[in-house]
Amino acid sequence: TEHRERRRLARILHDNLQQLLVGARLRIQRVRHLAAGDEGRAAAEETDALLSEALAVSRSLMSDLYPSVLYNVGLAAALEWLGEETMAKYELAVIVEADEQAVPGDDDLAALLFDAARELLFNVVKHADATLARVTLRRGGGEILIDVHDNGKGFAPQDLECNRGGTGLGLFSIRERLAMMGGRLELRSTAGEGTAVTLAAPVAATAPSEAPAPPAPLPATRTPAGPPATLAGPFTRILLVDDHRVLLDGLDALLSDEDDLAVVGHATNGQEAVDLAAATHPDMVVMDINMPGMDGIEATRRILAANPSVKVIALSMRDEEGVMAKMREAGAVAYVSKDRLADALVGTLRAVAAGEEPPPA
């Protein structure tokens with residue numbers, strides 16, 4: 001129940017608050033361009049800085065509640081992200097070796113294993129005086145196994161057995177929660193020689209043995225737009241795809257000020273994007289990754305299969321490398337983080353149109 005509530009709250013942050021903040025930043029960017037006088041522009045820039053800070057806080061809170069990479073890409077990618085985050089926050093070197101085939105097959109079990117691994121790494125940071133930790137995800141004997149080793153000062157395991165009423169470094173709680181799901185925790189530690197903890201959980205009966213079937217097509221509901229009939233000169237035709245209306249409107253307003261860029265349609269899900277791409281023949285598609293039904297990854301594959309000359313620019317609120325890698329594999333040529341849309345999107349579109357290397361996301 002706790003994991004599901006964390007995920008629900010994280011989705012509320014992503015699907016509502018963060019999209020509103022991004023939309024507000026896009027509008028403020030336009031105000032900044034239109035503002036008369038230094039005072040007006042300075043006020044717009046201060047407001048943009050505050051919105052950016054609020055967005056960063058909400059993203060950090062969302063990751064603490066339930067890292068999106070866990071349910072978007074899987075446990076292996078989530079552990080790699082956790083290693084990177086631990087190194088960045090606490091300056092502890094973390095080596096992650098994760099077998100992508102080690103799939104729990106159950107979201108609750110994956111969340112429990114991830115939380116347990118995160119707790120163990122935090123114990124290393126807080127108590128072990130270690131310089132290196134290694135996290136290994138593997139599958140063996142019908143179980144998913146996560147090993148967390150460190151080169152710290154270690155301790156006598158019997159000291160924890162008498163500490164069940166206290167924190168016990170969180171190990172007792174982890175052991176009990178794993179046991180309730182048919183798993184176990186094994187601990188090996190010697191003073192001065194580091195600590196090794198193994199988390200073991202049974203592979204759920206629902207663990208996938210093959211790739212899931214593609215989602216059923218959703219009906220298209222948006223009418224293709226089109227560049228104004230009076231638009232003169234060459235321009236780049238752009239299809240905007242995002243499941244949040246406020247963000248689509250903000251993107252449209254941002255691009256409407258550019259003479260060389262023309263929005264030819266809006267889509268709010270992957271299937272709609274595929275249908276509108278076939279109808280409007282855009283030069284570029286600005287594609288959100290996380291959408292209901294068909295996501296941006298599958299929509300990108302289908303659009304490029306029908307027309308390989310289209311350039312897809314990926315959008316996401318998240319910066320997880322695993323998600324970006326899947327988008328690149330699908331054929332996206334560039335990526336822009338939503339919290340930098342106002343600053344980076346136009347430059348990225350023009351660079352891709354000119355066949356140049358796009359600026360950093």
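This is a predicted model: local features need pLDDT of at least 70, side-chain atom pairs count only at pLDDT 80 or more; totals for chains, interfaces and linings use all residues.
Reader: In which sense do strand S2 and S3 pair, and over how many bridges?

Author: Strand S2 covers residues 132-140, and strand S3 covers residues 143-150. In the hairpin of S2 and S3 there are 2 residues between the strands, and Gly141 takes a positive phi near 60°. Thr136 has Asp147 in S3 as its bridge partner. The pairing of S2 with S3 is antiparallel, over 8 bridges.

Reader: Which residue in S5 does Asp150 stand opposite?

Author: S3 also pairs with strand S5 (residues 195-202), in the antiparallel sense and over 8 bridges. Within S5, the residue opposite Asp150 is Thr195.

Reader: Why is strand S3 described as largely enclosed by the rest of the structure?

Author: A residue counts as buried when its relative accessible area is under 20%. Strand S3 is largely enclosed because, of its 8 residues, the number buried is 7.

Reader: Which strands stand at the edges of the open sheet of 5 strands?

Author: The pairing in this open sheet is parallel, and the order of its strands is S7-S6-S8-S9-S10. Two of the strands each have a single partner strand, so one side of each is left without a neighbour in the sheet. The twist from one strand to the next averages 25°. The strands at the edges are S7 (261-267) and S10 (334-337).

Reader: Which residue in S8 stands opposite Leu239?

Author: Strand S6 (residues 236-241) and strand S8 (residues 284-288) run parallel and are joined by 4 bridges. Opposite Leu239, the residue in S8 is Val285.

Reader: What angle does the direction of H10 make with that of S8?

Author: Helix H8 (residues 245-256) packs on the sheet and touches S6, S7 and strand S9 (311-316), its direction making about 165° with that of S7. H10 packs on the sheet as well, where it touches S8 and S9. The angle between the directions of H10 and S8 is about 160°.

Reader: How are the axes of helix H9 and helix H10 arranged, parallel or antiparallel?

Author: The axes of H9 (residues 270-280) and H10 (residues 296-306) come within 9 Å and cross at roughly 15°. The crossing is right-handed.

Reader: How do the residues of the contact of H9 with H10 divide into nonpolar, polar and charged?

Author: From H9, Gly270, Gln271, Ala273, Val274 and Ala277 take part, and they meet Ala299, Arg302 and Ile303 in H10. The division is 5 nonpolar, 2 polar and 1 charged.

Conventions. Residues are numbered from 1 along each chain as its sequence is written. Side-chain values use heavy atoms; hydrogens and water are left out. Axes are lines fitted to C-alpha atoms, for helices over the stretch in contact, and angles run from 0 to 180 degrees between N-to-C directions. A crossing is left-handed if the near helix is turned anticlockwise from the far one by less than a right angle, and right-handed if clockwise. Contact means heavy atoms within 4.5 Å. Ala, Val, Leu, Ile, Met, Phe, Trp, Tyr, Cys and Pro count as nonpolar, Asp, Glu, Lys and Arg as charged, and the others, Gly among them, as polar. Buried means under 20% relative accessible area, exposed over 50%, partly exposed in between (1.4 Å probe, protein chains only). Two strands pair if DSSP finds at least two bridges between them.
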